[in-house]
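Look over the sequence and the fold, then read on.

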Amino acid sequence: MRILALVKRIIHQMLRDKRALALMMVAPLLILTLLHYLLGSNTFDPKIGVIGADASLVNQLKSKDIIVKKYKDHSNWDKLISEDDLDAILQVQDNDINLKLVNDQPSATKALLIKVQQAVAAENAKKQSAKMTQFIQEIQRKLQGAPLTIEQAKAPKITTTYIYGDKDTTFFDQLSPILVGFFVFFFVFLISGIALLRERTTGTLDRLLATPIQRRDIVFGYLTGYGLFAVIQTFIVVVYAVKVLDIMLVGSFWNVVIINLCLALVALSLGILLSAFANSEFQMMQFIPIAIVPQVFFAGIFPFEGMADWMQWIAKIMPLYYGGDALVAVMYKGLGFSDIIKDLLVLLGFALVFIILNIVALKKYRKI
C-alpha cells in the first residue's frame with residue numbers, strides 16, 4: 001500500500017507539472033522528426049566542372065548521378081569553383097586527367113572520387129571494346145597476311161588534388177571543429193542557466209529586484225560575472241583541443257578563440273533567458289532537448305546542401321549553425337577573419353536579442 005501511495009503521489013505530481021509532461025511527450029517526437037527528414041534527405045548530387053572531355057565521358061559521369069557543367073579552358077579553377085559552387089573540376093589533356101576536389105565534406109568527396117574513377121574506367125573499357133571490334137573487322141577484311149595485334153587503349157592517368165585537406169582527411173577532421181564549439185555552447189548554457197535559477201530559488205534575485213537597481217543592470221551584471229568564467233572555460237577547451245588533442249587547425253588560433261567566445265556569449269544569454277521560465281534544475285534540464293539537441297543537427301554534421309528547403313530555413317535560425325560554419329572555415333579550411341565576419345555578426349545579433357528578452361523576462365519577477 002505504501003508503494004501504491006508513493007506511485008499515486010508521483011503521478012499526481014507529474015500531472016500537475018504540465019510543462020514537464022508536455023516536454024516528455026513532445027521532445028522525443030520533435031527530435032525523431034528532425035532525424036527522419038535529415039537522414040532521409042541527406043543525399044545530394046555532386047556538381048563537377050569538366051574541361052576538355054568528350055561527350056562519351058560526360059555521359060558516363062552523368063550516369064553516376066553527377067551534375068556536369070562543361071567549360072572551355074579556364075586558368076583560374078578556384079574562382080570557377082567558388083562562382084559556380086562546384087564540388088570538383090575535371091580537366092582532360094591527351095590521355096591524362098587532372099581532378100581537383102573541393103573536399104569540404106570529406107565523406108561526400110570520397111564518394112565523388114569513386115564515382116569519377118568508375119566513370120573513367122567505364123569509358124576506358126568502352127574504348128577497349130571499340131578497339132576489339134575494329135580488330136575483328138580488320139581480320140574479316142584480311143583473311144590472309146601477317147598476324148595482327150590489338151592496339152590496347154592506354155588507361156588514363158588521374159592526378160588528384162585537393163583544395164581543403166588531402167586524401168587522408170576523414171569525416172572527423174571536419175566534425176571536430178563543430179564539436180569544440182558545441183561543448184563550449186552546451187556547458188556555458190547549462191551552468192549559467194542553473195546558476196541563475198539557484199539565485200531565484202534561494203531568494204537572492206527577489207531581494208535584488210526589491211532594490212532600486214534596474215533590470216538591465218542585473219542582466220549585464222550576471223552576464224559579466226558568469227561571462228568571465230565562460231571566457232576561461234572557452235580558452236581552456238580551445239587550447240586543450242588544439243594543443244593536446246592535436247585537432248586539425250589550418251587557420252588562426254585566435255580566430256577560433258573569438259568564434260567560441262561569441263558562441264559562449266550566445267549560450268550565456270540563452271541560458272539565463274530560459275532559466276526565467278524554469279522552477280527547478282529538473283525543468284532547466286528539460287530545455288536541453290528543445291533548445292540544444294536540434295541545434296546539433298544543423299551545426300554542420302549533416303551536409304547543408306542535402307537538406308530540404310524548409311530545413312535550410314530552420315538551420316539559419318540556429319546559433320550553432322553559424323558557429324559551426326565559422327569554426328570549420330577557420331580550423332579545417334584555413335580561411336581568415338574577413339571570411340567569418342558575417343557568422344560572428346549573426347552570433348552577436350542572437351546574443352543581443354536574448355539579452356533584450358532577458359530584460360523583459362525579469363519584469364514578471366519585480367514585485368515593486
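Which side chains meet in a salt bridge? Those of K69 and D84, at 3.5 Å from N to O. A salt bridge here is a side-chain nitrogen of Lys or Arg within 4 Å of a carboxyl oxygen of Asp or Glu. By this rule the count comes to one. K69 lies in strand 2 (residues 67–71) and D84 in helix 4 (residues 77–84), so the pair ties together parts that are 15 residues apart in sequence. K69 counts as partly exposed, at 37% relative accessibility. The classes are buried (under 20% relative accessible area), exposed (over 50%) and partly exposed (in between), with a 1.4 Å probe and protein chains only.

The model is predicted: local features need pLDDT of at least 70, side-chain atom pairs count only at pLDDT 80 or more, and totals for chains, interfaces and linings use all residues. Residues are numbered from 1 along each chain as its sequence is written, and side-chain values use heavy atoms, with hydrogens and water left out.

**Strands**

Helices (H or I, at least four residues) and strands (E, at least two) are DSSP runs, numbered from the N terminus. Two strands pair if DSSP finds at least two bridges between them.

| Pair | Sense | Bridges | Partners named |
|---|---|---|---|
| Strand 3 (residues 88–93) and strand 4 (residues 96–101) | antiparallel | six | A88 and L101 |

The hairpin of strand 3 and strand 4 has two residues between the strands. There, D94 takes a positive phi near 55 degrees.

**Helices**

The axes of helix 6 (residues 171–201) and helix 9 (residues 253–275) come within 7 Å. They cross at roughly 30 degrees. Axes are lines fitted to C-alpha atoms over the stretch in contact, and angles run from 0 to 180 degrees between N-to-C directions. The crossing is right-handed, meaning that the near helix is turned clockwise from the far one by less than a right angle.

Contact means heavy atoms within 4.5 Å. In helix 6 the contact residues include V184, F185 and R200. In helix 9 they include N260, L263 and I272. The residues of this contact divide into 15 nonpolar, six polar and one charged.

N255 also lies in helix 9. N255 is buried, with a relative accessible area of 10%. Leaving aside neighbours within four places in sequence, N255 is in contact with V330, L335, G336, F337 and I340.

Conventions:
Ala, Val, Leu, Ile, Met, Phe, Trp, Tyr, Cys and Pro count as nonpolar, Asp, Glu, Lys and Arg as charged, and the others, Gly among them, as polar.
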